[in-house]
Amino acid sequence: MKKITKQLRSTFWLFCLLEAAIVASYECGVILEGGYAGYTTAEFIVATVMELLTIIIIPVALKMMKWGAVRIVIRNEGAAGYYRVALRRMWMLLIPMLANTLCYYLFMNVLFAYMAIILAISLVFVYPSENRCIAEADIDGE
């Protein structure tokens, strides 16, 4: 389980570093911000899609380990199944967080920044600590 925890943590921190690199590159002027600031129709469509995605994905990711189908996968495949499911759960939060950050800098709309912050806060609840991994992978002790 320690190997799986290390792999999950490395993925978690890799995405966090990627997020920090995106923010730093825009804030330092390496990449120019506001490239799509005048496209109000595109901004509205992207904002609506990202709002719906963020609202739906957070509770799904947080409750995912309680679902019967996920428990069956973990029971049948063991540590490999747990790794796959836990990695997908993190991706469900990390990828929209990166997308919201990029959209914030493209449209310069603070709504995207707020959604990225909300997703970053929800990442605290899926951080792959060793105790969490052991507790979630031990489905037999229901």
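This is a predicted model: local features need pLDDT of at least 70, side-chain atom pairs count only at pLDDT 80 or more; totals for chains, interfaces and linings use all residues.
Some housekeeping. Local features need pLDDT of at least 70, side-chain atom pairs count only at pLDDT 80 or more, and totals for chains, interfaces and linings use all residues. Residues are numbered from 1 along each chain as its sequence is written, and side-chain values use heavy atoms, with hydrogens and water left out.

I start with the rings. The structure holds six aromatic pairs; rings of Phe, Tyr and Trp (its six-membered ring) pair if their centres lie within 6.5 Å, with planes under 30 degrees apart counted as stacked, over 60 as edge-to-face and the rest as tilted. Phe12 and Trp13 have ring centres 5.1 Å apart and planes at 85°, so this pair is edge-to-face. Phe12 and Tyr127 are also edge-to-face, because their planes are at 80°, with centres 5.1 Å apart. Helices here are DSSP runs (H or I, at least four residues), numbered from the N terminus. Phe12, Trp13 and Tyr127 form one aromatic cluster.

How covered are they? Buried means under 20% relative accessible area, exposed over 50%, partly exposed in between (1.4 Å probe, protein chains only). Phe12 is buried at 6%, Trp13 is partly exposed at 45%, and Tyr127 is partly exposed at 26%.

Last, helix α5. Ile117 is in helix α5 and, at 46% relative accessibility, is partly exposed.

Conventions:
Helices (H or I, at least four residues) and strands (E, at least two) are DSSP runs, numbered from the N terminus.
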